[in-house]
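Please consider each against the structure shown here.

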Amino acid sequence: MNQTQRLDTATCLLMLGLMWLVLQVQLLPALLVGMLVFELIHVISPLIARKLPGKYAKWLAVMLIATLVIGLLVALGMGIVTLIRSDSGGLAMLFDQLAKIIEDSRKVLPPWLNERLPDDAITLQQTVIEWLRSHSADWQLLGKEAGHHLAHILIGMVIGAMVALHDVQTHGNHKPLAQSLLNRITLFALAFKNIVFAQVKISAVNASLTAIYLIVILPLCGVHLPFTKTMIAITFLVGLLPVVGNLMSNTVIVIVSTSHSFVIAMGSLAFLIVIHKLEYFLNARIVGGQIRAHAWELLVAMLLMEATFGLPGIVAAPVYYAYLKSECRAREWV
C-alpha cells in the first residue's frame, strides 16, 4: 500500500468518524443546512459573477449570494410557520381535530376498521403521549432544545457561506493529507447535492399534486376539507424525507377526509396511493439515477439508520449511503 492509499484510508476513516459524531451530538440539522447554503451559493454565484466585471467579481458574487441565500432560507422558514399558524389554528388545532375525527368516524367506518382504532379521543391522546415519550430523543427539536438547535442551524448557515467564500479564494497546491481529505469532502458534498436537490423536486411534485386534489378536485365535487394549506405545507416538508414522509402526510390527509365521509376518505386514500406509487417511480428515476442505487437499497439504509440513530438516522441515511456508494465506486468496488 503506497502513501496515497494509506492517506485515503485514513481520511475515509476520519470521515466515517465525523459522520457518526454528527449524529451522536445532534448536529445533523446544522450540517444539512450548512451544506445547503454551500451548494446554493456554488450553483448561483457563477451566474452572478458573469454580470460583475473586475478581479473580485466572483468574491463579490459569493458574498452577495451568501447573504441572499441565508436571508431567503430564514424568511422561508418563518413564512411556512406563519402559513401553518394562520390556517384554522395551525398544527395544534389540526392534531386536536384529528383526535375528534377519529372518535366521530366510528359512525361511518366499517366494524373491521373500528376494531383497530382507539376507543376515544382520550385513549388516542394517551397513546400519542406514550409514543412521544418513548421517542423523546427523536423529537428534541420540538421541545426545550428547539432554541439550541436553531442556534446550531444559524451557525451552520454562516459556516456554509464562509466555506464557499474560502473555496473561491483558495487555489490548488494542497498537501497530500489535505488533498485526500478534500477529495472525501467533495464526494460527500456531491452526494448531498444529488440527494437533496432530487428530493426537493420529488417533494414539490407530491405537494403540487396534493394541492390540485385538495384545492381543485375535491371542491369541484362539492367537498371542502379543513386545514388544506396546513396539509399542503406538511406534504412538502415531510416529503423531503424519502418514502417515509409521503406516508406521514397521506395519513393526515386520509384522517381529515374521514371528517366528511368514509367515501371521501377512501377516495383520498386511492388518490394518495397513486401519488405514493409515483414517488417510487420518481425515486428510482431521480434519486436512484443520481447515485446509481435502487429504491430497496435506500430503504435498507434508512431502516438500519433508524434502528441505530432514530429519526435523525432516517434523514441522514440517503446522504450517507450515497456518499459511501460513491467512495466504493471511486475504488471500483461496485
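Q: Is Lys325 buried or exposed?
A: This is a predicted model, in which local features need pLDDT of at least 70, side-chain atom pairs count only at pLDDT 80 or more, and totals for chains, interfaces and linings use all residues. Residues are numbered from 1 along each chain as its sequence is written, and side-chain values use heavy atoms, with hydrogens and water left out. Buried means under 20% relative accessible area, exposed over 50%, and partly exposed in between (1.4 Å probe, protein chains only). Because its relative accessibility is 14%, Lys325 counts as buried.

Q: Which residue forms a salt bridge with Lys325?
A: A salt bridge is a side-chain nitrogen of Lys or Arg within 4 Å of a carboxyl oxygen of Asp or Glu. The side chain of Lys325 meets such a partner at 2.8 Å, N to O. The pair links distant parts of the chain, 28 residues apart, with Lys325 in helix H13 and its partner in helix H12 (residues 295–309); helices are DSSP runs (H or I, at least four residues) numbered from the N terminus. The partner, buried at a relative accessible area of 11%, is Glu297.

Q: How many residues apart are Arg184 and Glu327?
A: Arg184 and Glu327 form a salt bridge, their closest N and O atoms being 2.6 Å apart. Arg184 is buried, with a relative accessible area of 5%, and Glu327 is buried as well, at 6%. Arg184 lies in helix H8 and Glu327 in helix H13 (residues 311–330), and this link between distant parts of the chain spans 143 residues.

Q: Which residues are the closest to the centre of the second largest pocket?
A: A pocket is an open set of points on a 1 Å grid over the protein atoms alone, where a 1.4 Å probe fits, with protein on both sides within 12 Å along at least five of seven lines; lining residues have an atom within 4 Å of a point. The second largest pocket holds about 1100 Å³, a volume being the space filled by probe spheres set on points joined across faces, edges and corners. Of the 31 residues that line this pocket, the closest to its centre are Leu31, Met35, Phe38, Val163 and Ile185.

Definitions and conventions: Helices (H or I, at least four residues) and strands (E, at least two) are DSSP runs, numbered from the N terminus.
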